[in-house]
Amino acid sequence: MESVITTPIILYAEDDQDDFESVREAMLQVTDRFSLIHARNGEEAVRYLENGTADTLPSLVVLDLNMPIMSGKETLVWLKSKEEFRNIPVMVFTTSSREEDVKLCQGHGCTFFRKPTLYRDLLHVVQIMLKMCDETVKSA
């Protein structure tokens with residue numbers, strides 16, 4: 001049987017273009033074996049998922065919590081309420097350190113990271129994102 005190398009798709013809902021670009025650049029420093037899809041808010045992330053196919057299903061959803069139109073919290077609750085999307089790993093990547101935000105993530109079984117100020121720390125979080133994708137691809 002021939003081994004098929006799949007490129008993981010990461011759906012990143014982030015309203016701050018600079019934060020999105022920082023993550024993209026850090027990922028490219030680690031590997032170019034991924035597709036990073038940018039949603040500017042939760043509504044765009046939901047639309048991407050609803051209009052997608054099995055081939056466009058992300059290996060990981062990364063959510064900023066504080067976004068206009070539809071927040072990351074609302075998006076997380078929506079994702080986990082949908083049978084077809086609830087098993088996609090989710091990482092909340094935010095500036096928030098509020099205990100209720102951490103508890104929301106724990107309650108929905110997702111990973112929580114505060115956005116780091118140092119680039120080396122960003123590289124570490126990006127490596128965790130990519131590892132989460134690899135685990136999803138291997139279990140598929």
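A residue is called buried here when its relative accessible area is under 20%, and exposed when that value is over 50%. By this cut-off, 41% of the 140 residues of the protein chain count as buried in this predicted model.

**Overall fold and dimensions**

The protein chain contains five helices and five strands, and, read along the sequence, these elements follow the pattern β-α-β-α-β-α-β-α-β-α. Taken along the principal axes, the C-alpha atoms fill a box of roughly 50 × 35 × 25 Å. The radius of gyration of the protein chain is 14 Å, which agrees with the value near 14 Å that a compact globule of 140 residues would have. Among the contacts in the protein chain with a separation of 6 or more, 70% are accounted for by residues 24 or more positions apart.

**Surface and charge**

The protein chain exposes about 7900 Å², and carbon and sulfur atoms supply 49% of that area. Its charged side chains comprise 15 positive and 23 negative ones, with the centres of the two sets lying 5 Å apart.

**Helix 2 and its surroundings**

Helix 2 spans residues 42–51, and its buried residues are G42, E44, A45, V46 and L49. The cover over these buried residues includes strand 1 (9–13), strand 2 (35–39) and helix 3 (72–81). At the start of helix 2, a side-chain oxygen of N41 comes to within 2.9 Å of the backbone nitrogen of E43.

E44, which is found in helix 2, has a relative accessibility of 18% and therefore counts as buried, the cut-off being under 20%. When residues up to four places away in sequence are not counted, E44 touches H38 and A39.

**An exposed loop position**

T117 lies in the loop between strand 5 (111–114) and helix 5 (119–139). Its relative accessibility is 80%, so T117 counts as exposed, the cut-off being over 50%. T117 and I88 are 29 residues apart along the chain, and their C-alpha atoms are separated by 27 Å.

The two residues whose accessibility is discussed above are set out in the table.

| Residue | Relative accessibility | Class |
|---|---|---|
| E44 | 18% | buried |
| T117 | 80% | exposed |

Taken together, E44 is a buried residue of helix 2, whereas T117 is an exposed residue in the loop that leads from strand 5 to helix 5.

Note on methods:
Residues numbered from 1 in each chain as written. Heavy atoms only, no water. Helix = DSSP H or I, 4+ residues; strand = E, 2+ residues; numbered from the N terminus. Rg over C-alpha atoms; globule rule 2.2 N^0.38 Å. Buried < 20%, exposed > 50% of the residue type's maximum accessible area, 1.4 Å probe, protein only. Contact = heavy atoms within 4.5 Å. Areas by Shrake-Rupley, 256 points an atom, 1.4 Å probe, with all protein chains shown as cover. Lys, Arg positive; Asp, Glu negative; His and termini not counted. Charge placed at Lys NZ, Arg CZ, Asp CG, Glu CD. Polar contact = N/O pair within 3.5 Å; in protein donor to acceptor, adjacent residues only side chain to side chain.
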